[in-house]
Amino acid sequence: PGVPAAHARLDDLQLPAVPPCDDFRLKVESLMSEAVAHLHANAAAPAAARQGEGSAILKELGKILDRWSDELALRTIGASKMVSDATDRAGVLEQLENRQLLLLEQTENAALDAKNPGNLLEDQKSIAGDLQDFVRELSGGQSAPAKNLLPLLGRLESVDRALKVASEALQTNKVEDALEPQEKAAAALTEARGIAQAQLSNLNLLQQLIGFEQAVATAGTGMADIVGTQRDLIEATKSSDKTTLAALIAPQRNLHRCLADIAPSLDLVAERLDVGTPLVFAASDLEDALVAMEDGDAEDAADTQSIALDSLAKVQALVSAISAQTGYVVENVEFLQEAQAEAATLAYRQRQLREDPGIANALALQQSLAAETAAYGRRLTEVAGRVDPAKLDEAVKEKLGGANLTLDFNIPAVHMEEGVRLLQGGQAAQASGGDVALAVVAESLGVQGVPHGG
C-alpha cells in the first residue's frame, strides 16, 4: 500500500496529494518481471537496463518512505516532548503553590502572635527567587515564549508582583500587611497550576490519539499486505500440482507467522473493532490449509485458504473504516487545541488591559484586540457551523452530553468593542468582560474525553 497523503487541515482549500508509492511499486514489479524474462533468454544487456530503471525508482520510493517515517517520528517525539514539558510545569507550579500556602499559614500564625520570625522573610524570598527562575525558563531567553505559555506567564507575573509586596511588608515587620499579597499570590498560583494541568490533560489526549492513529495505520498496512499475499497464494495453489504445491508451503507458513506478528499492532484498536474473532478463525483456517498442502491436496488447501481470506478481508475492512475516522478526530483535536490556545492568549491580553487601565496606547491596543477577536470568532463559526439541537436524534444528544451547542463565538468581540467605546469616552474598560467571555469559549472548546477513533 502507498504512503497516505498528509491529513487535510480543517481550513485547507485543496487536499494534499497522495505520494505515488503504489505507482512506483507496480512499475518496479513490472521492470523486475521483464528483467527475469530477459535473464531466462540470456539477454544480459536488456536485463541490466531494466534492473537499473528499477533501482532508480526504488531510490525515489525510498526517499518518500524515509520522509514519511521522519514525519511520523517527529510528530510522536514532538508530542512526547510537549507532554514531558507540560508535566514538569504542572509539577513546579504545584510545589510553588504548596510552599506559598504553607508560608501563608505560618504568616497568619505569626500575625496572631504579634511576632515576625526571621524565616518568614527568607522563605518568601526563596519562593520568589524560584518563581523568577521558572519564569525566565518559560520565557525562552532571547526567543519569545510560546503562545500557549502567555496566559501562564501572565498569572506568574501577578504572583511575582504580589510576592514583592509581601516581602517588603515582612522586611519592615508589618506581618499583617503581608497576608493580603500572600493570599493573592497563592490564588494566582492556583490559577496558573489549573492552566498548566489543563494543558497537560489536552496534550496527553493528543499523544494518545496520535499513538492510536499510528497503530491503526500499522495494522491497516499489515493487513493489506497479508490479504494481497493470500490472494496470490490462492491463485498459485489452484494452478499447482503435487510437485509445485510443495514449494508453496514455505510462503504459506511465513504468511501464518506474519499474521501472528501483526496481532499485537491490533491490540490498540481491539477496543473499537471486533477483530479478535475473525483473526482467530483466519489463523485456524491457515493452519488447516498448511496441513492440506503438506498432504498434497491442492483443492482442499485452496478452499481453506479462501475461507481464511474472507476472515482476513473482514479485518482489513474494519481497520480501513476506522483509519479515516481516526485521522479526522486527530485533526479536530489539534484544531481545537490551537483554538483554545488562541482564546487563552486573547483573554490574557484583555486581562492585562483590564488590570492596568493606565497602560500606554490603551485605546489602540483595545481596538486591535477587538478586531483580532472578531476575526477569531468568525473563523470558529465558519469551522464549527451552527447546530440545531431540535434536529438531533436522542442517541446523538446523549453522546454529546452537556456540550454547549448554542455558543456564540462572536460574544467576546462584542464585549471588547464595548471596551473600545468606554475608552473612547474617557472611561476605563475594566468592565468590558472580553477575557471572561473568551475563557468560556476556551472551556467550551475542551477536548477531554474524546473517544479514540471517533
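Visitor: What is the relative accessible area of Glu 372?

Guide: This model is predicted. Buried would mean under 20%, and exposed over 50%. Glu 372 falls in between because its value is 34%.

Visitor: Which residue forms a salt bridge with Glu 372?

Guide: Side chains of opposite charge can pair when their charged atoms come close. Here the closest N and O atoms are 2.8 Å apart, and the partner of Glu 372 is Arg 349.

Visitor: How many residues apart in sequence are the parts this pair ties together?

Guide: Start with the helices. Glu 372 sits in helix H10 (residues 362-384), while Arg 349 belongs to helix H9 (residues 298-355). So the pair joins parts whose separation in sequence, in residues, is 23.

Visitor: Which residue meets Arg 253 in a salt bridge?

Guide: The N to O distance of this salt bridge is 2.8 Å, and the partner of Arg 253 is Glu 294. The pair links distant parts of the chain, 41 residues apart. Arg 253 is in helix H7 (residues 249-262), and helix H8 (residues 276-294) holds the partner, Glu 294.

Visitor: Why are Asp 85 and Lys 81 separated by about one helical turn, and in which helix?

Guide: These two form a salt bridge, with closest N and O atoms 2.8 Å apart. They are about one turn apart because they lie four residues apart in helix H2.

Key
Residues are numbered from 1 along each chain as its sequence is written. This is a predicted model: local features need pLDDT of at least 70, side-chain atom pairs count only at pLDDT 80 or more; totals for chains, interfaces and linings use all residues. Side-chain values use heavy atoms; hydrogens and water are left out. A salt bridge is a side-chain nitrogen of Lys or Arg within 4 Å of a carboxyl oxygen of Asp or Glu. Helices (H or I, at least four residues) and strands (E, at least two) are DSSP runs, numbered from the N terminus. Buried means under 20% relative accessible area, exposed over 50%, partly exposed in between (1.4 Å probe, protein chains only).
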